Amino acid sequence: MTVFNYTEQLAKEMLKRDEINSILTCKCEQCVDDVLAMALNKLPARYVSTESGRVFVKANYMQPQLQSDVLKELTSAAMVVASHPHHSRGEQGGSV
Ligand SMILES: [Zn+2]
């Protein structure tokens, strides 16, 4: 049995958008996870258990309003993380 949070899936996909990438310049796992966790805490979870359920929820998320809610939360989370990153100094990699 697999339970699947569609909101999480959508947020992970939207995290790759240019709007987010331009704000969150550090792509380390800590920063990316922080943004995702912060955004998902403010968004409603959409759990589905079947392939058909997944399609149904996906159809819901095709609505511009729902997509823009996810993007809005990701954007504000990215701004918070970008200005107050939790990564330790050595982890950032340094190669740009
Ligand atoms: Zn980082």
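**Exercise 1. Describe how helices α3 and α5 pack in this predicted model.**

Solution. 
Step 1. Locate the helices. Helix α3 covers residues 29-42, and helix α5 covers residues 64-83.
Step 2. Take the geometry. Two packed helices are described by the angle between their axes and the distance between the axes. For α3 and α5 the angle is about 135°, and the axes lie 8 Å apart.
Step 3. Classify the angle. Angles over 145 degrees count as roughly antiparallel, and 65 to 115 as roughly perpendicular. The angle of α3 to α5 therefore makes the pair oblique.
Step 4. α3 and α5 cross in a right-handed sense.

**Exercise 2. Work out how α1 meets α5.**

Solution. 
Step 1. Helix α1 spans residues 6-14. Its axis comes within 10 Å of that of α5, and the two cross at roughly 65°.
Step 2. The crossing of α1 and α5 is right-handed.
Step 3. From α1, Leu10, Ala11 and Met14 take part. From α5, the partners are Gln67, Val70, Leu71 and Leu74.
Step 4. The count for α1 with α5 is six nonpolar, one polar and no charged.

**Exercise 3. Which atoms coordinate the zinc ion, and what is the geometry of the site?**

Solution. 
Step 1. Name the donors. They are SG of Cys26, SG of Cys28, SG of Cys31 and ND1 of His87.
Step 2. Read the distances: 1.9 to 2.3 Å.
Step 3. Check the angles. The four donor atoms give 91 to 121°, and the site is tetrahedral.
Step 4. Write the spacing in sequence: C-x1-C-x2-C-x55-H.
Step 5. Link back. Cys31, a zinc donor, also belongs to the α3 side of the contact with α5.

Technical notes: Residues are numbered from 1 along each chain as its sequence is written. This is a predicted model: local features need pLDDT of at least 70, side-chain atom pairs count only at pLDDT 80 or more; totals for chains, interfaces and linings use all residues. Side-chain values use heavy atoms; hydrogens and water are left out. Axes are lines fitted to C-alpha atoms, for helices over the stretch in contact, and angles run from 0 to 180 degrees between N-to-C directions. Helices (H or I, at least four residues) and strands (E, at least two) are DSSP runs, numbered from the N terminus. Angles under 35 degrees count as roughly parallel, over 145 as roughly antiparallel, 65 to 115 as roughly perpendicular and the rest as oblique. A crossing is left-handed if the near helix is turned anticlockwise from the far one by less than a right angle, and right-handed if clockwise. Contact means heavy atoms within 4.5 Å. Donors are N, O and S atoms within 2.8 Å of the metal (3.2 Å for Na, K and Ca); water is not among the atoms, so sites may look incomplete. Four donors count as tetrahedral if all angles lie between 85 and 135 degrees; four count as square planar and six as octahedral if opposite donors are over 155 degrees apart and all others between 65 and 115; anything else is irregular. Ala, Val, Leu, Ile, Met, Phe, Trp, Tyr, Cys and Pro count as nonpolar, Asp, Glu, Lys and Arg as charged, and the others, Gly among them, as polar.
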